[in-house]
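Please find below some notes on the structure, arranged as numbered points.

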Amino acid sequence: MSGTVTSPHGSPAPTPVTSSARAASASALAATRRQVLVGGAVGLGAAALAGVGAPAVHAGTAPRSRSRVSDPFTLGVASGDPLPDGVVLWTRLAPDPLAEDGRGGMPDRRAQVLWQVSENEDFRGVAASGRVETGPEAAHSVHVEVNGLRPGADYFYRFRTGNEISPVGRTRTAPAPGSSPERFAFAFASCQNYTQGHYTAQGHMAQEDLDLVAFLGDYIYEGGGQGTIGRGHLPAHETTSLADYRIRHAQYKTDEGLQAAHAAFPWAVVFDDHEVENNWADETSYGEDVDPREFLRRRARAFQAYYEHMPLRSAQRPDGPDLRLFRRLSYGDLLDLYLLDTRQYRSVQVEDGERDDPGRTLLGQRQREWLFEGLANSRARWNVLAQQVFFSQRDFADGDGTNYSDDAWDNYRVERDSVRDRLADAANPVVVTGDVHANYVCDVKADFGDPDSATVATELVGTSFTSGGDGLDQRPTDAVQLQENPHIHYINRRRGYVRNVVTPTEWTVDYRAVDYVSEPGAPVRDLARFVVDAGTPGVRPRG
């Protein structure tokens with residue numbers, strides 16, 4: 001549950017972190033970041049948090065004969081949606097995270113949680129602190145919207161309930177409005193089916209020096225599959241109830257690699273389909289003969305659990321089956337990041353012959369108008385759409401016939417082309433995409449039917465973290481895609497994430513991958529590097 005935030009107090013405010021200072025300290029931080037962030041507050045002591053000024057608060061008597069709630073921070077900590085003066089802090093009290101009732105082992109009563117933010121890893125000097133109250137109606141989740149922090153600065157944060165102290169997280173605020181950052185580093189990723197792979201890539205990502213992680217959907221999978229690697233889903237059936245969705249989210253959050261990645265940087269999250277049900281569209285279930293009213297009730301339960309487990313602001317708290325997820329994050333005059341929702345407002349999928357209906361929408365009118373207004377008024381050097389499904393045209397058929405994905409922008413061609421035309425008028429547009437469990441690099445063409453038409457934007461598609469299993473470099477059918485779609489320059493199907501470093505003059509993208517996820521311990525490596533030059537849409541390889 002969200003709580004009221006106190007004003008900053010304590011030691012003098014920290015000095016903003018410059019790009020040169022970050023570079024100088026990156027190697028030292030990388031060596032200890034996962035140990036510190038995942039290892040928690042060991043060695044820091046309870047006395048520092050007791051200094052918030054509240055007495056020790058016990059959450060009450062837990063089920064299963066516990067005398068008190070112990071180790072309630074089993075799901076780790078996270079931060080998200082950074083602004084120049086603050087960030088969202090998240091945790092959930094769950095001493096028994098996989099309890100069958102979905103309550104995480106917490107009693108049916110409210111609990112107080114103390115929180116603390118510091119510029120120092122040892123919490124000597126407090127920049128902001130306070131307390132919030134949470135309860136069973138929110139699965140004892142905590143969302144603290146901290147403000148009053150300094151822009152472009154690194155902070156550490158932690159929570160306490162009773163005598164229990166959470167792991168320590170590290171976060172970073174956005175640069176000041178109107179500032180001109182020299183560098184913005186972020187990764188994007190998607191699709192982390194728990195049953196199909198170990199979260200090795202997430203652990204490697206936690207070692208990077210990033211300002212942000214953009215997660216582009218399929219955070220959980222709703223099915224009951226058990227897989228073959230000893231990481232079967234709980235519950236062992238498709239999620240439909242609120243308890244089901246809470247348990248599933250908690251199961252994913254228990255993974256140490258995922259906890260490390262959340263604790264290392266702020267995340268900006270959007271959902272795709274599997275957070276609710278495969279291939280759903282607006283109020284329509286992909287299943288046959290499902291009453292829309294019943295599906296909306298399921299959607300409301302899924303959205304509630306999603307919010308309870310994500311570092312989202314109160315503006316994203318769901319209202320029944322509705323959740324406004326689309327929003328913009330700005331990084332000075334360097335970059336505007338538009339986080340889109342391509343699921344909640346879309347028309348249902350149709351066959352190829354119907355895809356040119358001008359009334360079909362993926363964004364819905366309200367989101368589309370918001371996006372177009374933002375692009376028209378943006379003063380950023382780079383304009384980025386962070387979204388879920390393949391944007392560029394992708395024909396799978398060899399020869400004169402065509403075959404397009406019903407779930408991607410190709411099924412909504414008229415609206416896709418209108419978005420493309422607005423991107424063409426914006427400064428340095430880039431689309432980053434998830435969903436397809438493969439890496440792609442695409443030129444967005446003024447006319448996809450004419451390879452000689454102008455390139456107006458770039459699309460970077462990221463592979464899955466684990467979905468699809470170990471992966472491979474290419475399938476035999478990928479040669480057909482490259483032949484039929486000359487605007488697609490690269491395909492690779494290994495698992496991992498995409499690291500991006502953006503400056504005023506260029507965008508450097510590294511496709512980072514592990515060779516296997518069926519077992520833990522795979523090293524990470526660079527598959528390929530590309531560059532987008534400011535003022536020149538399209539990509540070029542860089543060795």
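1. The side chain of serine 166 reaches the backbone nitrogen of phenylalanine 159 at 2.8 Å, a polar contact in the sense of a pair of N or O atoms within 3.5 Å, where within protein one must be able to donate a hydrogen and the other to accept it, and where residues adjacent in sequence count only if both atoms are side-chain atoms. Serine 166 lies in the loop between strand S8 (164-165) and strand S9 (169-172), and with a relative accessible area of 0% serine 166 is buried (buried means under 20% relative accessible area, exposed over 50%, and partly exposed in between, with a 1.4 Å probe and protein chains only).

2. The model is predicted, so local features need pLDDT of at least 70 and side-chain atom pairs count only at pLDDT 80 or more, whereas totals for chains, interfaces and linings use all residues. Residues are numbered from 1 along each chain as its sequence is written, and side-chain values use heavy atoms, with hydrogens and water left out.

3. For the chain as a whole, there are 9 helices and 23 strands, these being DSSP runs numbered from the N terminus (helices H or I, at least four residues; strands E, at least two). Of the 543 residues, 58% are buried, and the accessible surface comes to about 19500 Å², of which 48% belongs to carbon and sulfur atoms; the areas come from the Shrake-Rupley method with a 1.4 Å probe, and for residues only the protein chains shown count as cover. Among contacts (heavy atoms within 4.5 Å) between residues at least 6 apart in sequence, 71% join residues at least 24 apart.

4. Helix H5 (residues 256-264) is largely enclosed by the rest of the structure, because 8 of its 9 residues are buried, among them Leu258, Gln259 and His262. At the start of H5, a side-chain oxygen of aspartate 255 comes within 2.8 Å of the backbone nitrogen of glycine 257, and Gly257 is itself one of the buried residues of the helix.

5. Leaving aside neighbours within four places in sequence, leucine 460 is in contact with residues including Val432, Trp507, Phe188 and Val539.

6. A search of the whole structure finds 42 salt bridges, each a side-chain nitrogen of Lys or Arg within 4 Å of a carboxyl oxygen of Asp or Glu. In one of them, glutamate 308 pairs with arginine 246, with the closest N and O atoms 2.8 Å apart; this pair links distant parts of the chain, helix H6 (residues 292-308) and helix H4 (residues 242-253), 62 residues apart, and both glutamate 308 and arginine 246 are buried. Aspartate 122 and arginine 124 form another, at 3.1 Å between the closest N and O atoms; here aspartate 122 is partly exposed at 33%, while arginine 124 is exposed at 66%.

7. Towards the end of the numbering, which charged residue does arginine 540 pair with? Arginine 540 forms a salt bridge with glutamate 506, the closest N and O atoms being 3.8 Å apart, and the pair joins strand S23 to strand S21 (residues 506-514) across 34 residues. Proline 541, also in strand S23, is exposed at 63% relative accessibility.
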